[in-house]
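Here is a friendly briefing on pockets, cavities and surface patches. Have a look at the model first, then read on.

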Amino acid sequence: VNNKMLMDSIDRAVLLVKEGSKKPIVISTGENSIRLSINSDLGKMDEDIEAEKTGKDIVIGFNPKFVMDALKVIDDEKVGLYMLNSKSPCFIKDEDESYIYVVLPVNIKND
């Protein structure tokens, strides 16, 4: 997925979260995109980002701050998000594995 597009989308989602709130950002994978969504007292956001995907579709929640902390220090245009299931950590890494960031998921309610 494009690093800047992912960061910009998460940045917009964070605007809907009150300070100190622990609202997760939900990432859903699709055929050629990932969907980022958040639902809070201040509003709701659903945004699709073009991405290359292999494997099964997954729905997983993260603390947006932790994902942003990892993405901010990566200079690559594209980043790889490796997710096994909704309870396992997400690995953010490049093909050469010159960096690996681990982001733990949070529980989400399926509405």
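Strands E2 (33-40) and E5 (80-83) each give at least two residues to the lining of the largest pocket, strands being DSSP runs of at least two residues, numbered from the N terminus. E5 supplies the largest share, four residues. This is a predicted model, where local features need pLDDT of at least 70, side-chain atom pairs count only at pLDDT 80 or more, and totals for chains, interfaces and linings use all residues. Residues are numbered from 1 along each chain as its sequence is written, and side-chain values use heavy atoms, without hydrogens and water.

**Largest pocket**
- The space in the largest pocket is about 800 Å³.
- Its lining has 26 residues, with Val-1, Glu-52, Lys-53, Gly-80 and Leu-81 nearest the centre.
- By class, 10 of the lining residues are nonpolar, seven polar and nine charged.

**Largest cavity**
- One cavity of 30 Å³ or more turns up in a search of the whole structure, and the largest cavity holds about 30 Å³.
- Leu-6, Ile-27, Phe-62, Val-67, Leu-81, Cys-90 and Ile-92 line the largest cavity, giving seven nonpolar, no polar and no charged residues.

**Surface patch**
- Tyr-82, Phe-91, Ile-100, Val-102 and Leu-104 make up a nonpolar surface patch with about 470 Å² of accessible area together.
- Phe-91, in strand E6 (residues 90-93), counts as partly exposed because its relative accessibility is 34%, the class between buried (under 20%) and exposed (over 50%), with a 1.4 Å probe and protein chains only.

**Terms**
- On a 1 Å grid over the protein atoms alone, a 1.4 Å probe fits in a cavity but cannot get out, while a pocket is an open set with protein on both sides within 12 Å along at least five of seven lines; lining residues have an atom within 4 Å of a point.
- Patch residues have over 30% relative accessible area and no salt bridge, with nonpolar side chains joined within 5 Å and like charges within 9 Å.

How values were computed
Accessible areas come from the Shrake-Rupley method with a 1.4 Å probe; for residues, only the protein chains shown count as cover. A salt bridge is a side-chain nitrogen of Lys or Arg within 4 Å of a carboxyl oxygen of Asp or Glu. Grid points are joined across faces, edges and corners, and a volume is the space filled by probe spheres set on the points. Ala, Val, Leu, Ile, Met, Phe, Trp, Tyr, Cys and Pro count as nonpolar, Asp, Glu, Lys and Arg as charged, and the others, Gly among them, as polar.
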